Amino acid sequence: MDSKKIRKKWTSRDVTLLVMAGLSVVFLLIFAYAPMFGVLLAFKDGDYKLNLLGAITDAPWCGFDNFKAFLLDPNFADAIVNTICLNLIMLVINFPAPILFALLINEVRSARYKKTVQTITNFPHFISWVIFGGLVIALTDMSTGIFNPIMNALGLSSEENPVNLQGAEYFWATVIITSLIKGVGWGSIVYIAAISGLDADMYEAAELDGANRLQKAIYITLPGIAPTITVFLLLSISGMLSNSFDQFYILQNSLNLSRSEVLTTYIYKTGLSQRRYSYASALGLFNSVVSVVLLILSNFISKRATGRGIF
Amino acid sequence: MKKKVYTFDVVNYILLGLFALITLYPFIYVIAGSFNDGMDYSGGGVWLVPRKVTLANYKVVFSDNGFWKAFGLTIGVTILGTFGALAVTSAVAYAISRKELRFRNFFQIFNLITMFFGGGLIPYFLIIVSLGLYDTFWVYIFPSLYSVYNMIIMQSFFKSIPEEMREAAVMDGAGELRIWLSIYLPLSKPVLATVGLWLATGFWNSYFSTMAYTRAGDLSTLQYFLMRMIKEAKVDTGGLDPSLIEQTTSTTISFAAIVIATLPILFVYPFIQKYFSKGIMIGSLKG
């Protein structure tokens, strides 16, 4: 910064670099910043308007009416309860799972076995939720899937009285388990990378002191990857309201809607299917504001508690 | 002591192996179903291998014009989108990685802000519509040409390239575009491959843009086409031999389509495996 005080003359190099970096400004202005101003629609009476741009310039202001409308909407109440409950459960189960998986993988001595397990468990990450959801729907089908026979064999259900795994009462379990299968392998990569970066001397020293593998995992590995865990924990807390749209949209059906409607799918439906643009914009704004507040809050708490944060 | 460690190893191997098998199983199930007679499948019990083997499901998918159209469109989007995005993103990443860049702080902050704040779905939709991108092929390409996250990963890789390489080129009179194209890009193959494969799978797997930003007719992407098959049992069997249709159901046909749509990912997967851990290392250590 200090050497910059003496302004050098502009060269063609400066211009080229500026144009290259400027490309990002063009794209972000159009696809990131312009939509930020679009949130004004949340304070307008612009529902069902054919001309969206007209809705934002011409429609009358209506203050917080759209916000009041969704707060009183029972469908919104359903969506927000599902979103929050599921995210809290997933924070407890799905967040630590990749860390545990990384620790277990780290204990495998056979390089070949390690590679095979990782190759298989990373694969679903690259498959779309359309396909993966299609597999889940097939496997949980009442007459042709594999789960009903398994549950019958275990005595959890019977042929005469079969359970519908695609119904509302099993939806959360389905979401949690399928997220684990699709995400644990890939999610563990950052932790495995972090573990491989830890100092080997510490492990040797611990061995000399007679530490066993569990003790080494708890007293060396976990504290060693704590910074990585903190970053991902903060990011997943701030993303609490933004469930993966795809997973929910694909697995949703009319029977499980009471448990499967989350904020992201609700915004899509009210906004783009029902054309309630202002109403859905208000929901979207609510979502973004809560996410940012959650991020700042959790970052603050983390800094106080552990001295670590992402900013 | 020794015995205890041994038990843990056995349990660990079994647990991890079991998890891998559970992950693998759905794919085996769907492959078995795709090669099975439709009506026979409906009776249940086809769990590991096809019971009444037939290729009818695949024949129906292969003769479906809509499927091929969606397949072709998705290949086009994936190739154009991936190379376009690599070009734009690496250009920005190169410029921002240079200390000589004027207003560098501004560019960095301008980029970072968008990682934390967004307008949401409806305002974004509004921009797509007012730009005239709605229901055009370009709605798949333009908005995806630049991503801040990929830019950060690329520029941290660029920073690791020795400064001497650039200085030598400057002495030879090479301009910045030239240095970016003929020095930085060839040296950055690992990161370009990593980000390129992420981008490609992203384009290949995308269905939401079709659903939200097009009327979905001629512009259906493959995944959107599949979603209609899976969720709405929408299968086109018009003009096909009735004896062929008899051997299928919309479910087993959708299985065949799922298998075909997964194959391209399976083919590039070894390359993803080779490069992605490197990419993640770059991202996590320096990002």
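Two residues are in contact here when they have heavy atoms within 4.5 Å of each other. The model is predicted, so local features need pLDDT of at least 70 and side-chain atom pairs count only at pLDDT 80 or more, while totals for chains, interfaces and linings use all residues. Residues are numbered from 1 along each chain as its sequence is written, chains are lettered from A and ligands numbered from 1 in the order in which they are written, and side-chain values use heavy atoms, with hydrogens and water left out.

The interface is a place to begin. By the contact rule, 92 residues of chain B touch 89 residues of chain A. The size of an interface is often given as the accessible area lost when the parts come together. Buried area is counted in that way, with a 1.4 Å probe and summed over both parts. Between chain B and chain A it is about 8300 Å², and carbon and sulfur atoms give 78% of it. Tyr13(B), Arg102(B) and Ile122(B) supply 9% of the area that chain B buries against chain A, more than any other three residues.

Polar links also cross between the chains. A polar contact is a pair of N or O atoms within 3.5 Å; within protein, one must be able to donate a hydrogen and the other to accept it, and residues adjacent in sequence count only if both atoms are side-chain atoms. Between chain B and chain A, 22 residue pairs are in polar contact, with both residues at pLDDT 80 or more. Helix α1 of chain B, residues 2-34, gives the most to the side of chain B that touches chain A, with 17 residues. Helices are DSSP runs of H or I with at least four residues, and strands are runs of E with at least two, numbered from the N terminus. That side of chain B divides into 69 nonpolar, 17 polar and six charged residues. In this division Ala, Val, Leu, Ile, Met, Phe, Trp, Tyr, Cys and Pro count as nonpolar, Asp, Glu, Lys and Arg as charged, and the others, Gly among them, as polar.

Side chains of opposite charge can pair when their charged atoms come close. A salt bridge is a side-chain nitrogen of Lys or Arg within 4 Å of a carboxyl oxygen of Asp or Glu. The structure holds 16 salt bridges over all chains, and four are counted between chain B and chain A.

Which residue of chain A forms a salt bridge with Asp9(B) at 2.9 Å? It is Arg213(A), the distance being that of the closest N and O atoms. Arg109(A) also meets Asp9(B) in a salt bridge, at 3.7 Å from N to O. Arg109(A) lies in the loop between α5 and α6 (111-122) of chain A and Asp9(B) in helix α1 of chain B, so the pair joins two chains. Buried means under 20% relative accessible area, exposed over 50%, and partly exposed in between, with a 1.4 Å probe and protein chains only. Arg109(A) is exposed at 61%, whereas Asp9(B) is buried at 14%.

Within chain A, Arg213(A) forms a salt bridge with Glu107(A) (2.8 Å, N to O). Glu107(A) lies in helix α5 (residues 96-107) and Arg213(A) in helix α11, so the pair ties together parts that are 106 residues apart in sequence. Glu107(A) is buried, with a relative accessible area of 15%, and Arg213(A) is buried at 14%.

Asn212(A) caps its N-terminal end, with a side-chain oxygen 3.2 Å from the backbone nitrogen of Leu214(A). The helix bends by about 50° at Ala226(A), and Pro227(A) follows within four residues; the bend is the angle between axes fitted to the seven residues ending at a residue and the seven starting there.

In chain B, Glu176(B) forms a salt bridge with Arg166(B), the closest N and O atoms being 2.9 Å apart. The pair links helix α9 (residues 176-187) with helix α8 (residues 163-171), the two residues being ten apart. Glu176(B) is buried at 2% relative accessible area, and Arg166(B) is buried at 7%. Salt bridges that share partners join Arg13(A), Arg98(B), Glu100(B), Glu163(B), Arg166(B) and Glu176(B) into one network.

Conventions: Buried area is the accessible area (1.4 Å probe) that two parts lose on being put together, summed over both.
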